[in-house]
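Here's a quick tour of a protein model for you. Take a look at the structure first, then we'll walk through it topic by topic.

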Amino acid sequence: EPACGSGNFLVKILQRKLDTVELKYGRSAFDKRVYGLVALASCYGIELLADNIVECRANMLALFSEYMAVTPDDDAWHAASHILSLNLIHGDALSMRVADGGPITFVEWGHIGNGKFQRRDFRLDTMTQAAGLREAGGLFQHLGKHEVFQPVKSWPPMTVRDLAAWDQSTEDAAA
């Protein structure tokens with residue numbers, strides 16, 4: 001969502017995704033936890049106003065917490081908060097810049113099995129170049145290894161506990 005505001009649209013999307021998680025995985029606490037995070041991790045937004053992005057993150061986390069019945073004492077709550085801090089971006093979708101002027105980077109969260117997640121970071125300005133290549137159809141299929149399809153950073157696999165333990169200093173040190 002390029003102008004997510006306080007998250008009204010994203011909250012509805014997440015609710016539908018969590019309803020699907022409940023239908024498919026609601027009988028297994030482990031699967032519900034993992035796929036609840038997968039659902040959350042597939043929601044993205046950009047917002048220009050700082051107070052709106054804070055409210056959006058809070059609204060999304062509140063919905064996730066209610067569905068998962070988790071509190072700030074739970075690793076899943078902290079993992080969700082970490083994911084939202086990266087997926088809901090304070091920036092300008094038109095200029096493709098975050099509030100401090102750097103490029104907008106989106107995180108792709110892949111569930112790789114056994115409750116582990118693979119994080120790969122992609123720059124929005126580079127990803128938008130990919131849209132033009134894909135529109136051209138089969139003519140550019142040979143560009144599958146083109147830079148627009150390559151992450152700017154790949155992270156080691158992480159568990160929910162790893163995600164919960166993340167803090168900004170961890171990411172700054174790895175950058």
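## What's packed inside

The largest nonpolar core has 35 residues, and L14, L37, L40, M60 and W109 have the most contacts inside it. A nonpolar core here is a set of buried Ala, Val, Leu, Ile, Met, Phe, Trp, Tyr and Cys residues joined through side-chain atoms within 4.5 Å. Keep in mind that this is a predicted model, where local features need pLDDT of at least 70 and side-chain atom pairs count only at pLDDT 80 or more, while totals for chains, interfaces and linings use all residues. Residues are numbered from 1 along each chain as its sequence is written, and side-chain values use heavy atoms, with hydrogens and water left out.

- M60 is in contact (heavy atoms within 4.5 Å) with L10, V11, L14, C43, L84 and L88, leaving aside its neighbours within four places in sequence.
- There's also a second, separate core of 5 residues, including I46, I89, F106 and L124.

**Helix α1**
- L10, L14, L18 and V21 of α1 are buried, meaning under 20% relative accessible area, with exposed being over 50% and partly exposed in between (1.4 Å probe, protein chains only).
- These residues sit on the same side of α1 because they cover an arc of only 70° around the axis, taken from the directions from the helix axis to the C-beta atoms.
- Turned away from that buried side is a face with the exposed residues N8, F9, K12, R16 and L23.
- Among the elements covering the buried residues of α1 are α2 (29-41), β1 (45-47), α3 (50-68) and β2 (88-92).

**I83 up close**
- You'll find I83 in helix α4, and it is buried, with a relative accessible area of 0%.
- I83 and A41 are 42 residues apart in sequence, yet 6.2 Å apart in space, C-alpha to C-alpha.

**The sheet**
- An open sheet is made of 3 strands in the order β1-β2-β3, with mixed pairing; two strands pair if DSSP finds at least two bridges between them.
- β1 and β3 (97-98) are at the edges with a single partner strand each, so one side of each has no neighbour in the sheet.
- β1 and β2 run parallel, joined by 3 bridges.

Methods: Helix = DSSP H or I, 4+ residues; strand = E, 2+ residues; numbered from the N terminus.
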